[in-house]
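Subject: Structure handover

Hi,

Here is the structure we spoke about. Please open it alongside this note; the findings follow below.

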Amino acid sequence: MDQCVTVERELEKVLQKFAGYGQLCERSLEELIQYAGGLRREILQTENQDGDLSGTISLVMTQCCKRIKDTVQKLASDHKDIHSSVSRVGKAIDKNFDSDISSVGIDGCWQADSQRILNEVMVEHFFRQGMLDVAEELCQESGLSIDQSQKEPFVELNRILEALKVRVLRPALEWAVSNREMLMAQNSSLEFKLHRLYFISLLMGGTANQREALQYAKNFQPFALNHQKDIQVLMGSLVYLRQGIENSPYVHLLDANQWADICDIFTRDACALLGLSVESPLSVSFSAGCVALPALINIKAVIEQRQCTGVWNQKDELPIEVDLGKKCWYHSIFACPILRQQTTDNNPPMKLVCGHIISRDALNKMFNGSKGRSLGEDLRS
């Protein structure tokens, strides 16, 4: 963290210099333009019929040229100083961050099967981002065979997301209606919120859309049980159509953040229907690696310094626990209080009559008497 702060401090200095330099350039150039324009008007007013300039005008023009030259040199000098500040940012990055991360890598980790899996993850990531041409190019170069049925859902989702970003609801509404049963099965509020947004867009049109808004309100009927209060709010806002929703107690209905929220909700629910995670596995893995890398580099240096490289063989597990934050918690983990081991599918947690939970292996060992003491003693310890 200290390294990041140091680099950010240098970066802030550069950004401040850029901002100051931009303001100086605008001010200096504006002054020159005004000065040169005034001189031009003066020359046009005082020039002789023969076209010759007076000595005074010639002197003023010489001073003008000198002023322009001095200004340009000053701007060039300041620009050169900014270059040195930018180079200091690079030096700060080199000084505070270890560019050699190969020491924590695993030799041979990208063999044939692993390379294929990585390519598949990258292709899926590009599909998610709507970069279909890049994904297809990668498939050709890596020899992957991706079925058309795998690509089509991502094409449709990206098309709908792009429409939502420009506040076009029709494609998303059509998709939600066609998948209504599955969305309701997972308690999704997507379709209701899409209808809600469309209804609000009608409200923004004022009294001219009153009849259409009342007619569209029939779409709320399937959601009356779970969203009764929200529907009441929407219908109450109709009273203020004449004076404008923006001038009423219902102005919160016009919050622009709800468009970003609907994009997130659509992505989450659509991915759930497709059996996909909300975030790209490649993005999650990359973010987790960025968090874990500094700690791994530090522990690797300590291990090498103390000459105990055998502690970490880079295959089974990490030599230290790396906290990736709650954002990367995907599964609950239960550790048996008796055997001090995490439970697995083959060794699941078992709830006893007394309410305590232990692993099945621990329960079997206790029943077999291998521990040599009572269950109560084990749990109390």
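Helix α7 gives the largest share of the lining of the largest cavity, 3 residues. This is a predicted model, so local features need pLDDT of at least 70, side-chain atom pairs count only at pLDDT 80 or more, and totals for chains, interfaces and linings use all residues. Residues are numbered from 1 along each chain as its sequence is written, and side-chain values use heavy atoms, with hydrogens and water left out.

**The cavity**

A search of the whole structure finds 1 cavity of 30 Å³ or more. Its volume is about 40 Å³. Here a cavity is a set of points, on a 1 Å grid over the protein atoms alone, where a 1.4 Å probe fits but cannot get out; lining residues have an atom within 4 Å of a point. Grid points are joined across faces, edges and corners, and the volume is the space filled by probe spheres set on the points. The lining is R180, L183, M184, S188, L190, E191 and F223. By class, the lining has 4 nonpolar, 1 polar and 2 charged residues. Nonpolar means Ala, Val, Leu, Ile, Met, Phe, Trp, Tyr, Cys and Pro; charged means Asp, Glu, Lys and Arg; the others, Gly among them, are polar.

Helices (H or I, at least four residues) and strands (E, at least two) are DSSP runs, numbered from the N terminus.

**Positive phi**

Most residues other than glycine have a negative phi. N187 has a positive phi of about 55° and is not a glycine. N187 sits in the loop between α7 (180-185) and α8 (190-203). At 71% relative accessibility, N187 is exposed. Buried means under 20% relative accessible area, exposed over 50%, partly exposed in between (1.4 Å probe, protein chains only).

R167 also has a positive phi, near 65°. R167 is in the loop between α5 (148-165) and α6 (170-178). With a relative accessible area of 47%, R167 is partly exposed.

**Helix α4**

Helix α4 covers residues 132-142, and A135, L138 and C139 are buried there. Seen down the axis, the buried residues of α4 fall within an arc of 100°, so they line one face of the helix. The arc is that of the directions from the helix axis to the C-beta atoms. On the other side of α4, D133, Q140 and E141 are exposed. Just after α4, G143 takes a positive phi of about 80°.

**Helix α12**

Helix α12 (residues 281-305) has 25 residues. From first C-alpha to last, α12 reaches 35 Å, close to the 36 Å expected at 1.5 Å a residue. That expected span is 1.5 Å times one less than the number of residues. A kink of about 40° lies at A292, shortly before the proline P294. The bend is the angle between axes fitted to the seven residues ending at a residue and the seven starting there. Buried residues in α12 include V284, A288, A292 and K300. Just after α12, Q307 has a positive phi of about 55°.

**Around the strands**

L352 lies in the loop between β1 (349-351) and β2 (357-359). At 12% relative accessibility, L352 is buried.

Best wishes

Key
1 Å grid on protein atoms, 1.4 Å probe; cavity = no way out; pocket = protein on both sides within 12 Å on 5 of 7 lines; lining within 4 Å.
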